[in-house]
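Work through the exercises below with the sequence and the model open. Each task is followed by a solution in steps.

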Amino acid sequence: MSLLFSQTTLGPLTLQNRMVMSPMARNRAIGNVPNELMAEYYSQRATAGLIITEGTSPSPNGLGYSRMPGIFSAAQIEGWKRVTAAVHAQGGKIFMQLMHCGRVAHPLNLPAGARVLAPSAIAAAGDMYTDAEGMKQNAMPQAMTEADIKATIEEYAQAAKNAIAAGFDGVELHGANGYLIEQFIRPTSNQRTDRYGGPIENRARFVLEVVDAVIKAIGKEKTGIRLSPFGVFNDMPPYDAMEADYTWLAQQLDARGPVYIHLVDHSSMGAPPVPDSMKAKFRTTFRGTLILSGGYDAVRAERDLAACKGELIAFGRPFLANPDLVARLKSGAPLNAPDFGTFYTPGAKGYTDYPALG
Ligand SMILES: Cc1cc2nc3c(=O)[nH]c(=O)nc-3n(C[C@H](O)[C@H](O)[C@H](O)COP(=O)(O)O)c2cc1C
């Protein structure tokens with residue numbers, strides 16, 4: 001009896017199986033507006049129990065990458081309606097990942113008047129692709145004022161309402177991988193001396209205020225969050241209090257009751273592994289649904305579900321390259337290999353043209 005392919009629930013939702021499609025930036029949103037091609041891509045993958053969209057910006061300031069979609073304008077809401085309708089028509093469920101890039105950004109990717117913001121004026125090491133001028137260093141961000149922080153939290157809440165208006169079943173706050181929320185959590189990127197910086201109680205204030213605002217806007221059963229304890233992506237070095245900080249954060253989240261926590265483990269992509277002790281602490285501290293991700297195949301997924309390490313298993317690159325991943329894993333059919341060269345390029349190639357089994 002397979003757990004992976006059995007029906008389950010997520011808050012009030014019934015999911016057709018325990019397979020989640022991981023959030024994956026695909027940079028096909030020309031002008032930051034979702035389009036028909038994106039609706040086709042997501043609908044091809046609607047047999048997942050739950051789809052989590054690519055990172056989508058709650059604000060013009062959060063659009064760090066070229067062709068990243070947003071959810072702050074009427075045109076974006078209309079565009080996303082086509083995506084949610086296409087997925088729901090096939091019995092799928094879909095959450096939107098709300099991702100504010102913060103300092104992982106370049107002004108060339110931002111619309112006129114938008115600003116590169118971060119907790120502190122410390123640039124992230126690394127380069128960023130721009131359509132206009134190719135690779136550029138990540139920009140030096142402006143340190144957010146208290147007014148900027150308040151406005152940004154309101155943007156998240158409004159974006160969550162917009163996502164529901166666009167037909168999404170909920171939103172996932174991107175608190176992982178070095179973007180704005182994690183920039184506040186980590187002491188290297190957050191060197192503020194006000195109530196948003198210093199001890200973890202202060203560095204976590206931003207994420208918890210965003211969680212509170214989004215829960216108030218759309219309800220806790222529609223609010224999930226992705227976190228990457230021990231993640232190093234986007235210039236986020238390890239530090240001594242990592243496990244203690246994230247354990248404290250798990251407790252705070254449990255008290256607020258978002259519907260899920262989605263844990264990132266990028267060891268399959270060459271990152272340092274997340275210690276089992278950390279995952280176990282999330283398991284015991286957080287009483288909602290736990291989504292595990294990173295480097296999963298069907299065998300490991302069944303094993304971890306059977307061991308109650310989490311309730312749902314997210315697959316990233318396998319879903320990218322296999323629109324019918326659920327059917328393939330069920331039947332043990334071979335998988336298409338992902339083509340890295342077309343992960344982020346505009347157009348249908350390497351996006352909607354991966355073949356499904358006949
Ligand atoms: C092309 C691509 C884009 C990604 N974009 C995002 C993103 O927008 N938000 C996010 O949280 N993770 C993103 N990730 C990370 C994936 O969600 C996932 O954690 C990672 O691919 C590891 O899972 P896998 O081994 O199943 O692929 C991305 C990964 C890939 C390959």
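The model is predicted, so local features need pLDDT of at least 70 and side-chain atom pairs count only at pLDDT 80 or more, while totals for chains, interfaces and linings use all residues. Residues are numbered from 1 along each chain as its sequence is written, and side-chain values use heavy atoms, with hydrogens and water left out.

**Exercise 1. The ligand site**

Task: Describe the residues around the ligand and find polar contacts to its oxygen atoms.

Solution. 
Step 1. The shell has 21 residues, of which Pro23, Arg226, Gly295, Gly316 and Arg317 come nearest.

Step 2. Assign the shell to helices (DSSP runs of H or I, at least four residues) and strands (runs of E, at least two), both numbered from the N terminus. Helix 10 (residues 317-321) gives the largest share, three residues.

Step 3. Look for polar contacts, which are pairs of N or O atoms within 3.5 Å; within protein, one atom must be able to donate a hydrogen and the other to accept it, and residues adjacent in sequence count only if both atoms are side-chain atoms. A polar backbone atom of glycine 295 is 2.7 Å from a ligand oxygen. For histidine 266, a polar side-chain atom lies 2.8 Å from an oxygen atom of the ligand. Glycine 316 places a backbone N or O atom 2.8 Å from a ligand oxygen.

Step 4. The ligand taken alone exposes 610 Å², and the protein buries 95% of that; the areas come from the Shrake-Rupley method with a 1.4 Å probe, and for residues only the protein chains shown count as cover.

**Exercise 2. The nonpolar cores**

Task: Which residues have the most contacts inside the largest nonpolar core?

Solution. 
Step 1. A nonpolar core is a set of buried Ala, Val, Leu, Ile, Met, Phe, Trp, Tyr and Cys residues joined through side-chain atoms within 4.5 Å. Buried means under 20% relative accessible area, exposed over 50%, and partly exposed in between (1.4 Å probe, protein chains only).

Step 2. The largest core has 79 residues, and Phe206 and Phe315 have the most contacts inside it. Helix 6 (residues 205-218) supplies the largest share of this core, nine residues. Apart from it lies another core of twelve residues, including Leu10, Leu13, Val20 and Tyr260.

Step 3. List contacts (heavy atoms within 4.5 Å). Beyond its neighbours within four places in sequence, phenylalanine 315 is in contact with residues including Met21, Ser22, Tyr296 and Asp297.

Step 4. Serine 22 is buried because its relative accessible area is 6%. Leaving aside neighbours within four places in sequence, its contacts are Ile52, Arg226, Ser293, Ala314, Phe315 and Gly316.

**Exercise 3. Positive phi**

Task: Where are aspartate 235 and cysteine 308, and what is phi for aspartate 235 and for cysteine 308?

Solution. 
Step 1. Most residues other than glycine have a negative phi.

Step 2. Aspartate 235, in the loop between strand 11 (223-227) and helix 7, has phi near 65 degrees. At 32% relative accessibility, aspartate 235 is partly exposed.

Step 3. Cysteine 308, in the loop between helix 9 and strand 14 (312-315), has a positive phi of about 60 degrees. Cysteine 308 is exposed, at 52% relative accessible area.

Notes. Near = heavy atom within 4 Å.
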